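Dear colleague,

I am passing on the structure we spoke about, and below it I have set out what came of going through it. Please read the notes with the model open beside them.

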Amino acid sequence: MSGIASASEPDFAAKGPGSLVEAKVVTDIDESITALRATAVRVKYRSTSGRDGSSTVVSGMIFVPAGTPPPGGWPVLAHAHATAGINYECGPSLSKTMFGTVPMMAASLKMGYAVAAADYEGLGAPGVHLYLGARTEAWNVIDSVRALRHFRPGAISDRWLVFGGSQGGAAAWATAEQAVTYAPELNLLGAAALVPPTDFSEYAQMAADGSFNEFQKAAYIWMLMTQHRVNPKLDLDLYRRGSAAKNWQALSYCFGPHEQERAEALQKVTADEIKPATPAATQHMAKLLEAMALPHQAAKAPMLVIYSGKDEFIKPEWTRTAIKKACAMGTKIQEVFLADKGHIGPSWEMSTQWLNQRLAGEPFQDTCSQKEEDFPVGYSDGPKLPGSQWRVHDEKRPRPAIVTPAAAEGKPPSDAVVLFDGTDLKEWVSAKDGSSPKWKIVDGAIQVVAGTGDIVTKQSFGDSQLHVEFATPALPINRSQWRGNSGVFLYGLYEVQILDGYQNLTYADGEASAIFGQSPPLVNASRPPGEWQSFDIVYTGPRFKDGKVTTPGYVTVFHNGVITQNHTQILGTTLFHQLPGTVVHGPTGPIKLQDHTYPLRFRNIWIRPLQPTAPE
């Protein structure tokens, strides 16, 4: 029990789901845990089978932070693990690194959570594991939280969250649905489900058609195996033959000494060897798989669902259908679709901010209630731009082609004025009232604090070369202009648009690096959300005489090293859905960064004032 202040004794007297059967402190654990002086415990606890309601014993790991718990106890983050296997030895708690997932547990501890990580029924403890049986897995996850609370009575809060990916994504989804009825004494605040297999009943027809890829083939074989284990009357000869039948035991292996043996057996299995023997067999398997499909019922806790367009296991339309069904039931879901990612593309880090926001009680954005018209990608009623066939934000204006930028860095040269070097905001003030900015510095970057307003430089600049690096939020919420929006304003008036422009359709003159409402970029050079990007802007300000423009302003922009504005004329101040305006100003003005409510980050900002190329 070392590392725990004022440790209370585990409660082994409790009965029922979540009660402790066994608890053994683990010292031979990955150093990411020991470095935190956290206590790692392998537990066995009572749970319930989702198949028949019978009592079971499930294993797992729990982690208790070092030190004194906060008032009300440590909040809990439950981790629902991804596919590890289908046999006893496939329980993650049996592995020193939990099959490589321990760093996620350590990260959760650093964020101030106690952690519970169930193995699921039949993994790590005697029993039969039904692969992708989400209801059972959900009850196992919920009971792991109860077990954690029994291990440290009084030190663990009833407030908790759950995260899971892949198989664990479905478990997290089902946990959100089951928690309020199965464990009303616990307060689930949110569930993050990454690439969840919601309804995979089409696998039966895919087996009949021989349309599996190698990933789906491997998953389907485990589905067949566990369906037979929970229902021995299922005639396996209708679903396997040849090398599949011959190597059936080898095909069941997971991580460990037999991993290579399984891989070799999988390579030998042909499509015909796992094709259902009859249409009736196909239909029967489809019904067995459909019985496990999500959703089951409305979830009371909000959910984050992230899924991918190039998932090797799951078709995105399966997830979309499940989301629509859940929304119709009354579940509140924040949906994120990553068109170019595969099954392992969405990362655990993408969900951490969302989970922390739920713990903090911040407002939740329910995309179930959103409609396509909430995110217009252009307009047909804007005024025509001077000398152009296009209207402001014209929906018919051609979008720029997409290019992939190379990696680039832009350190300040010796004659630059450094506006932000990662340490403080001394060069900036609030645009509202000139007070100190309310934006915060996180890990050497400025982060927008929504609602606090724009910030501007204390100094004013004229013709200049400006370098700005920025990162849009890693979790790409919403679409069009409602996704990672901000802007760099030259003279505080002329906006070079910042937007999460990666696979995000919007109007052409609102794309990333557009002169907003005026000139689209030559190409779309956006990087994926969360990645650092750069603007290198060279601009010449307009000149005025007697209240009129005598020489227009011009701007050249390199976005991630790719030219996107080539000596583009600035038509005037940048306005939404209006023609550019005219504001007479002097030869210099501030640089402004926009608070558009999204938590963008900025770093490495510097400027080089340029001498005018012609007399004033």
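**What was found**

A search of the whole structure, which is a predicted model, finds 1 cavity of 30 Å³ or more. The volume of the largest cavity is about 30 Å³, and its lining is made up of Tyr-120, Glu-121, Val-128, His-129, Leu-130, Gly-133, Thr-136, Glu-137 and Asn-140. Sorted by class, the residues of that lining comprise 3 nonpolar, 4 polar and 2 charged.

Next, the packing of two helices. Helix H5, which spans residues 202–209, and helix H6, which spans residues 214–230, have axes that come within 11 Å and cross at roughly 115°, and the crossing in which H5 passes H6 is left-handed. On the H5 side the contact involves Tyr-203, Ala-204, Met-206 and Ala-207, which meet Gln-216, Ala-219, Tyr-220 and Met-223 in H6. By class, this contact of H5 with H6 has 7 nonpolar residues, 1 polar residue and no charged residues.

Leu-188 counts as buried because its relative accessibility is 11%, where the cut-off for buried is under 20%. Once its neighbours within four places in sequence are left aside, Leu-188 is in contact with Trp-160, Leu-161, Val-162, Thr-175, Ala-176, Ala-179 and Ala-301.

With best regards

Conventions:
Residues are numbered from 1 along each chain as its sequence is written. This is a predicted model: local features need pLDDT of at least 70, side-chain atom pairs count only at pLDDT 80 or more; totals for chains, interfaces and linings use all residues. Side-chain values use heavy atoms; hydrogens and water are left out. On a 1 Å grid over the protein atoms alone, a cavity is a set of points where a 1.4 Å probe fits but cannot get out, and a pocket is an open set with protein on both sides within 12 Å along at least five of seven lines; lining residues have an atom within 4 Å of a point. Grid points are joined across faces, edges and corners, and a volume is the space filled by probe spheres set on the points. Ala, Val, Leu, Ile, Met, Phe, Trp, Tyr, Cys and Pro count as nonpolar, Asp, Glu, Lys and Arg as charged, and the others, Gly among them, as polar. Axes are lines fitted to C-alpha atoms, for helices over the stretch in contact, and angles run from 0 to 180 degrees between N-to-C directions. Helices (H or I, at least four residues) and strands (E, at least two) are DSSP runs, numbered from the N terminus. A crossing is left-handed if the near helix is turned anticlockwise from the far one by less than a right angle, and right-handed if clockwise. Contact means heavy atoms within 4.5 Å. Buried means under 20% relative accessible area, exposed over 50%, partly exposed in between (1.4 Å probe, protein chains only).
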